[in-house]
Amino acid sequence: MSNPDLSANSVVPSSRVTGPRFQTSRRLFSTLEGVFNEEAFFLILSVFIGIFSGLAVVCFRLAIDWMHLALLGPLPQTHSWRLFAVPSLAGLVVALLVLHVFPNIRGSGVNQTKAALYIFNGFIPFRTAIGKFICSAIAIGSGQSLGPEDPSLQIGAGIASALGRQLQISREKLRLMAPVGAAAGLAAAFNAPISAVLFVIEEVIGRWSAGILGSVVLSAVSSVVIVRWFLGSEPLFRIPVTTFKGPAELLAYAVLGIVGGLASVIFAKSIGYLRPRLKRLPRWTQYLQPALAGLLIGFIAFLGAPQVMGAGYDSMDQAMHGQYAWKFLAVLAVLKILATTLSFASGAPGGMFAPTLFVGAMLGGAVGDIEHFFFPHLTGSTGTYVLVGMGVLFAGFLRVPMTSVFMVLEVSGNYEIIVPVIVANTFSYLISRSLQTVPIFDMLTRQDGLILPSLEEEREEAILRVEDAMLPVPATILNSEDYVDANARRVQDSTDSTFLVRMHPSGWNTISRDQLLRLFREGKGEHTLGSVLPPQSLPGLYPDLPLDSALRYVNDYAIVPVVNRANSRKLEGVISRDSVFKRYGSAQTAVEG
Amino acid sequence: MSWRFPKLIPRSAPVILLLLTLAAATGFAAVNHLVARFTANQQARGRKLYQLGLADANAARYDDAIAAFRAALTCDPTNSEYQLWLARALRDSNDPRRLDEAESYLIALWQRSPQDAAVNLALARVAAHRGSIEDATRYYHNAMYGVWNADPDSNRTNARIELIKFLLNQGAFKNAESELIALATSLPPDPASHFRAAQLFAQARDDAGALAQYEEALHLDPSNPAALAGAGQSAYHAGDYAAAQRYLQAAISANPQDASTLQLLASTDLVLRTNPFQSHISDAERNRRMAAAFAQAEKRLTECARQTGVDLNAATPSPMSPLSSLQSRWIATQPDLARLHSPAEADLPDNIMDIVFQIEQQTAAICGQPQGVDLALLLISQKVRTPANE
C-alpha cells in the first residue's frame, strides 16, 4: 500500500526548478521516490528505529551506571547508612516525578507497549519515553530491585511511535511501530536480538507475520550493532563450562523446572496480591510507597544481602561461578522475590526481566548444589544449573516459553544445554499455567482496567475446523455426464432437497430436486446434466481449513463439498449453513459452560 | 499535556531518509562523545580501585582485594590487567569455590591472547591447585615459551622450577626429571642456580644429576660449604663413596659443626673401610674384610632371628623362614673361607660376598634398617648387586 504523502509529486515545488541542474536533481528524486513504496520505506525506517533505540539504550545504561556510582559508590558496602538513605530518598524523588511530571510510566512498560498496539493505534507519548528513561535510571541506579530491560523496551517503542507520528505514516503501520521499537529496545538492553524478536512476537504482537517480522528483525539487529559498537560485545555473563552428559540427568533438570514453576507462581501471586492493594491506598501514600520499598530493600542489603539491589547481573555472574553456597543462593532467591515485589508494587518504574533472571539463577544454583550433594555423580556444573534456572523462571513467570529457551541459548552461546533447558522450562511452564491461570502481564493489564488480548489464551485456543462441522458424504451424488432423466430417476427415492453434482473433468456443482424435475418436465431429459447446469462450479473446502473460511460460502450454497487435498474428486463430506452454525453454537455453549 | 515534534520534516521519502541519516549521525557522534567521557571517568575510577586491590593483595587481604578488583572491573570491564589480578586473588584466597571463577576469567584472557605468559602461568597455578598434572604442565610450558613483558629468561626459569616443584609434590618424578634435564641446560653461570637445581635433582631422586649440579656450583664457588655437603650427600646416595668422602671431608673442614655431614662422613668411612671390593687394597686386606663381613653377616642373621622369634638351631628348621634358609647357605659356605688364599678359586670371593649381601638385604627387609658395619655392608651390596642378580 503506497502512502500518498510519500508520492513523487510532492518533492519540490515546480516554481523553484529553473535550470538544467535542478531538472537533473528532480529526475533523481523522482526515481528515488519510485523505489520507496510504504513497505520498503517501513523496512528502512525499522533500521533507523533500531539505531535511535540503540543510542537511547546506550545512554540509558550509562545513566544507570552513573546513578549507581554516584549514589551507592563503586565498592559494595554492607552495614552502611547509604543503603537505607539512597533508595529511600531516590524513591521519594521518583514518586514525585511519576505523580506530577511523568504519569503513565509506572510498571515495566511491556503492557503499555501492548496497549499502544491494541488500543491507542501505536501511540506512545514521547514524554513517557523520556520519563521512563529518567525515573528508571534513578530507581534502578539507587538500588530498587528492578531491571533495565522492560524500560528499554518501552523507550524503544516510544521513540518508534514518535518517529512514526512525526512522519505521518499510515495508521496500520503506525500501530506496528511500537512493537518494532520495542524489539529494538529490548535487543539493545539484552544484547540478544533473537530473544528480543521472539519476545515481541510472542508477547506483544502475538502472531507471526512476514511483514512485521522483517521490520522487527531489522530494528533488533541494528540496535544490537549500535550497542556493541559503544559498549562492546561482551556477553552479560562470563559463561562457565556447561556440560550435559546423559539423559538420566534430565530428571535433575526436571526437578529444577518443578521448583522454578512453583517459585514463579509465588512470585506472580505476590505481585498480583500486593500491587492492587497498594494502588487502592490514599493518594498521599503513593508519594511514600517507592521510598518505603527502598527502605525495606536497603534493610535487606544492610542485613548482608546487598546483592538484591538493582538488576543484580554481577551477582548472577558470581552465582554462575559457584561463589555462593546453596543456602545463601536460596535465601537470595527468596529475598529477591520479596524485594522485587515491593519495588514493582510500589509503582517504581523498572522492569521484571532482570529480577526474574536473578531469582532463576539463584534458585538454579541452589537446586543444582543440593542435587549434587545427594547425587554426586551428576556432571552438570553449578553454572549449568544457574543458566537453566534463568530460563525456568523466564518460562514460568513471564510465560514466554520460546523466548525462555532462546534467551538461555543466546546468553550462553552453548547449544549443548538446549535439552535440559527445554525439559526444565516445560515443567516450569506447565506448573505455572496450572497454578496461575492468568499470565503476569495479562494480570497486570486487568488490574489497570485494560482489556488486552491474552496472547497465551489466543495461542492455545482450540480452533474449529471444517472437519468439525462436516456432514457425511450424501448417499446420492449426481454425475454431470449422465442424462437429466437418469439423474431425475435417481433422486426420486431420496429425501434430500439438494444434490451434489460431480462435474467432468473436475469440480463440483449443486442442483435442487425442484430444478432437476423442472428440467425433466421442460423436455431436457435427453441432455446431459453438465450441459444444462450453469458453468460456475462450487468452491472446494478441505477438512483442515479453519471453519471461519466456510462462512463465506454457506450463505450462497446450500451444501459445500469438502474434498481430499490429494484428490479433489474424492469427497470427504459436505457442510451446510446449519451444520456450521450448529458447530459454533455447541462450541460457545462449551465455553460458557 | 502532550509533547509533539514540530512538523518541520518535509514528507518526501529521500528527504526523510536523508534527515534521518543526519540525525542518526549526529546522535552517534553525541553518544560517542558521551561514552568516551564516561569511559574515561570510569577508567580513572577503576585505576584507583585497582591500586587499592593491589595493596590488599600484596598484604594477603584477599577478600578485600577481590572486592576492589571486582569494583575496578565494573568500571572497566574489559581491562585484562584487572581480570588477571582478580583471578590471582580468587585463586590465592584458598577458597576452592573461587577457583572456578578464577579459571573462567583466565580462560577468557587466554582466549584473547594465548601467548601471554603471565596468563598461562596463572592458569598453570590454578591447575596446580587442582592437582591436574596434565593441565598444569601444559600451561607451565605455555608460560615458559610465551611472551613475557620483562626479564623473560629469569621468568622462564622460575616457571620451570615451579613446574618441577609441583611435579615433585605430586610424586611425578619421571616428569620432574625430564624438566630438570631441560632446566640444567639453560641455567646461567651462577652457583645459586646450580645449587637450586641440584637440590631439585636430589628431590627427584636423581643423585647423579644432583652431583653434577653441585659440582657445577663448586666449580663456580669451590668453597661453598652447602654445595660441598650436598655433593657429598649426592655422591653417597649415588654409591660413589670415594667422592662422597672427599666432598664430605671438605664440607666438614669448612663447617666443622655440621652434625649430619659428620654422621654421613662416618658412614662413608665405614663403607670404604669395610668394602672388600675396594680398589687399591692388598689381597690379604680383601680376604680379611671378607672374613670380617662373613662373620658380621652371621651375627646379623642370628640377631634378626632372635628378634623375630625364629629358632635357627631347631632340629627341623622351618622351610618357610628365609632366615633358616640363609643360615643353611651360610653354614654351607663357611668352609670356603679357608680356600680364599687359593689363586685357583677365582669365584670364591663373589660366592662368599653373595651370601653376605643376601643376609644383609633379607634381614634389612625383615628386621629393619641396620646400623654400623651392617649398614655399610648393605650399602655395598646395593652398589655391587644389580636387581637382576637379586
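Take chain B: among contacts between residues at least 6 apart in sequence, what percentage join residues at least 24 apart?

Author: First, the ground rules. This is a predicted model, where local features need pLDDT of at least 70 and side-chain atom pairs count only at pLDDT 80 or more, while totals for chains, interfaces and linings use all residues. Residues are numbered from 1 along each chain as its sequence is written, and chains are lettered from A and ligands numbered from 1 in the order in which they are written.

Now chain B. The share is 48%. Two residues are in contact if their C-beta atoms, placed from the backbone, lie within 7 Å. Chain B has 17 helices and zero strands. Here helices (H or I, at least four residues) and strands (E, at least two) are DSSP runs, numbered from the N terminus. Of the 390 residues in chain B, 38% are buried. Buried means 20 or more other C-beta atoms within 10 Å of the residue's own, again placed from the backbone.

Next, the nonpolar cores. Such a core is a set of buried Ala, Val, Leu, Ile, Met, Phe, Trp, Tyr and Cys residues joined through C-beta atoms within 7 Å. The largest has 157 residues. A:Ala183 and A:Val200 have the most contacts inside it. Helix H2 (residues 38-72) of chain A gives this core its largest share, 18 residues. A second, separate core of 97 residues includes B:Ala102, B:Ala117, B:Phe195 and B:Ala204. Back to A:Val200: leaving out residues up to four places away in sequence, its contacts include A:Pro179, A:Ala183 and A:Ile205.

Chain A also has a sheet. It is open, with three strands in the order S1-S2-S3 and mixed pairing. Strands pair if DSSP finds at least two bridges between them. S1 (477-479) and S3 (508-512) of chain A are the edge strands, each with a single partner, so one side of each has no neighbour in the sheet. S1(A) and S2(A) (residues 498-502) run parallel, joined by three bridges. In one of them, A:Ile477 has A:Leu500 of S2(A) as its bridge partner.

Last, a helix pair. The axes of H10 (residues 250-280) and H17 (residues 418-435) of chain A come within 7 Å and cross at roughly 35°. Axes are lines fitted to C-alpha atoms, for helices over the stretch in contact, and angles run from 0 to 180 degrees between N-to-C directions. Residues making the contact include A:Tyr253 and A:Gly257 of H10(A), and A:Phe427 and A:Ile431 of H17(A).

Definitions and conventions:
Buried ≥ 20, exposed ≤ 12 C-beta atoms within 10 Å, placed from the backbone.
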